Each structure stands twice: as structure tokens, then as C-alpha cells.
Amino acid sequence: MWKPVALLLVSNVFMTYAWYGHLKDLKSKALPVVVLASWGVAFFEYCFQVPGNRLGAAHFTLPQLKVLQEVITMLVFGVFCVVYMKVPLTRNFLYASLCLVGAVWFLFRDVPKGA
């Protein structure tokens, strides 16, 4: 059950960099160069995301898999903001994260024990 989570975590690191890393590293480059560089990084995201979702589908329902992905995204994005982009997180980021915790609770509360 943890293997898909690990794969989705790695995929999110690539995804977050593909989506936002160019704002720091390639801001002086032409847009076509940035798009191609982001696509190149996104390829590696998919190399982890696709098997992560395939393995995850054996353990989670599709809605559970989606909300798990969103929680991982918020965790990775939070670390990326603070560590890489040097952007402090606000209280609103915490509130949004708590909403995702609520989503996890709702989607996982009916899981039978031992499943």
C-alpha cells in the first residue's frame, strides 16, 4: 500500500518543478524554451505517476486515490515554496490543507477494518 504513495510523492516533486520551477530558473528564457523544458520534466513525472496510480487502484477507490494525490501535492508544494522558492506559507495555506484533511477523513472513514 505504501509503494503507490511513494511513487506519487516522487511524481509530485517532478510535477511541482515542471509547473513552477521555471518561475525561478528559467524566467529570462523564451516561452517556447520554458514549455519544452517543463514537458521534459513532466515526462519523468508521468514515469512515476502512471505506475503509482495503477498500483494505487488496487488498494484505494478512485476518489480516495484522487484525494490522496491532492494531499501529497499540498505537502510537496508547501516544502517547494519554502525550501526552493523561498516563499513563506501563510495561514490560509494551513486552512486549505486542513480542508484536504477533512476530505481524507470523509473518503476514508467508511473503509472496512482490515481492508
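Is Leu65 buried or exposed? Good morning, everyone; let me start there. At 6% relative accessibility, Leu65 counts as buried, where buried means under 20% relative accessible area, exposed over 50%, and partly exposed in between, with a 1.4 Å probe and protein chains only.

A quick word on the model. It is a predicted one, so local features need pLDDT of at least 70 and side-chain atom pairs count only at pLDDT 80 or more, while totals for chains, interfaces and linings use all residues. Residues are numbered from 1 along each chain as its sequence is written, and side-chain values use heavy atoms, with hydrogens and water left out.

Back to Leu65, which lies in helix α3. Helices here are DSSP runs of H or I with at least four residues, strands are runs of E with at least two, and both are numbered from the N terminus. Setting aside neighbours within four places in sequence, Leu65 is in contact with Leu8, Asn53, Gly56, Ala57 and Phe60; contact means heavy atoms within 4.5 Å. Leu31 is another matter: 34 residues away along the chain, its C-alpha atom is separated from that of Leu65 by 33 Å.

Leu65 also belongs to the largest nonpolar core, whose 7 residues are Val5, Leu8, Phe60, Leu65, Leu68, Ile72 and Val76. By nonpolar core I mean a set of buried Ala, Val, Leu, Ile, Met, Phe, Trp, Tyr and Cys residues joined through side-chain atoms within 4.5 Å. Which helix gives this core its largest share? That is α3, with 4 residues. Phe60, another member of the core, is in contact with Met1, Pro4, Leu65, Leu68 and Phe108, again leaving aside neighbours within four places in sequence.

Now to the empty space. Rolling a probe the size of a water molecule over the atoms shows where empty space is left. On a 1 Å grid over the protein atoms alone, a cavity is a set of points where a 1.4 Å probe fits but cannot get out, and a pocket is an open set with protein on both sides within 12 Å along at least five of seven lines; lining residues have an atom within 4 Å of a point.

The second largest pocket has a volume of about 200 Å³, that is, the space filled by probe spheres set on the points, with grid points joined across faces, edges and corners. Its lining includes Leu65, Lys66, Gln69 and Gln49. Helices α1 (2-25), α2 (31-56) and α3 (62-84) each supply at least two lining residues, and α3 gives the largest share, 5 residues.

Two glutamines of that lining deserve a look. Gln69 lies in helix α3 and is buried, with a relative accessible area of 12%. Beyond four places in sequence, Gln69 is in contact with Leu8 and Asn12. Gln49 lies in helix α2 and is buried too, at 16%. Gln49 touches Leu8 and Ser11, not counting residues up to four places away in sequence. Gln49 and Val5 are 44 residues apart in sequence and 9.7 Å apart in space, C-alpha to C-alpha.

Last, Lys66. Lys66 forms a salt bridge with Glu70, the closest N and O atoms being 2.6 Å apart; the rule asks for a side-chain nitrogen of Lys or Arg within 4 Å of a carboxyl oxygen of Asp or Glu. Being 4 residues apart in helix α3, the two are separated by about one helical turn. Lys66 is partly exposed at 48% relative accessible area, and Glu70 is partly exposed at 29%.
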